[in-house]
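Please look over the sequence and structure before reading on.

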Amino acid sequence: MHVVSADQPLPTDAAHRRAFIAAFLRRPGTMGAVVPSSARLANVLASIVPTAGAPVVVELGPGTGAVSAVIDERLPPGARHLAVELDAGMVDFLGRTRPGLEVVHGDARDLGKLLAERGVMHVDAVVCGLPWALFDEPTQHRVLTEVGHAIGPTGAFTTFAYLPGMALPAAHRFRRTLRARFQEVLITAPVWRNMPPAFVYVCRRPTG
Ligand SMILES: C[S@@+](CC[C@H](N)C(=O)[O-])C[C@H]1O[C@@H](n2cnc3c(N)ncnc32)[C@H](O)[C@@H]1O
């Protein structure tokens with residue numbers, strides 16, 4: 001089994017980087033980053049993924065699969081890992097490079113519908129790489145509502161934000177939104193080994 005160490009850069013080879021940059025150039029308004037997340041950040045995001053049982057895990061905005069790889073390392077046999085991606089190029093790339101991943105070409109705003117179509121009624125963990133800063137408030141609320149319905153009172157949700165933007169009004173607003181939407185919102189220590197440095201929100205028990 002391929003193991004991704006927290007101290008090693010992810011195997012984001014030239015093809016991964018090219019695919020990521022191509023998607024950024026194609027749709028800068030939906031990418032929110034020019035390079036994939038580091039292994040260190042991916043490990044923190046994936047820390048909520050159950051390592052036993054037969055969990056269902058959903059990834060939102062997998063991009064080229066930097067976080068998908070780490071999720072897969074944690075998942076036990078019999079688990080289900082669905083990845084919802086908006087960009088057709090990324091969907092194609094994931095289909096070629098991650099054959100085991102259940103890639104869903106769709107919009108995170110329609111998460112409930114996408115899951116129902118695939119017979120998924122409950123999700124144990126949602127690991128999210130969506131570019132929240134590019135979403136307007138109604139979109140943020142809608143996606144968070146869908147995530148809350150998916151994880152219910154027992155699941156968990158992680159998402160990240162970049163440290164340099166932490167003091168911006170939009171970041172404060174998003175933090176307030178998370179705290180209104182989840183009873184528990186933890187903020188991790190900064191992940192310095194990422195470009196740019198980032199931190200992770202770990203959310204549980206949706207309020208609505
Ligand atoms: C910042 S990249 C993160 C990629 C990867 N998770 C990582 O950390 O390296 C954001 C990804 O979210 C996708 N995305 C943006 N809006 C989306 C939406 N509404 N639904 C699903 N995916 C979306 C983009 O196409 C892109 O692949």
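## Cysteines

How far is the sulfur of Cys203 from the closest cysteine sulfur? The distance is 9.7 Å, to Cys128, which is too far for a bond. A disulfide here is a pair of cysteine sulfur atoms within 2.5 Å, and a search of the whole structure finds 0 of them.

Cys203 is buried, at 0% relative accessibility, and Cys128 is buried at 1% relative accessible area. Buried means under 20% relative accessible area, with a 1.4 Å probe and protein chains only.

## Basis of the values

The model is predicted: local features need pLDDT of at least 70, side-chain atom pairs count only at pLDDT 80 or more, and totals for chains, interfaces and linings use all residues. Residues are numbered from 1 along each chain as its sequence is written, and side-chain values use heavy atoms, leaving out hydrogens and water.

## Helix H4

Helix H4 spans residues 66–74; helices are DSSP runs (H or I, at least four residues) and strands are runs of E (at least two), numbered from the N terminus. Its buried residues are Ala66, Val67, Ser68, Ala69, Val70 and Ile71. Their cover includes helix H3 (39–45) and strands S1 (56–60), S2 (80–85) and S4 (125–128), counted by contact (heavy atoms within 4.5 Å).

## Ligand site

The ligand is surrounded by 22 residues, each with a heavy atom within 4 Å of it. Helix H2 (28–31), H4 and S2 each supply at least two residues of this shell.

A polar side-chain atom of Glu85 lies 2.5 Å from a ligand oxygen atom. A backbone N or O atom of Ala108 lies 2.9 Å from a ligand nitrogen atom.

Terms used
Buried < 20%, exposed > 50% of the residue type's maximum accessible area, 1.4 Å probe, protein only. Polar contact = N/O pair within 3.5 Å; in protein donor to acceptor, adjacent residues only side chain to side chain.
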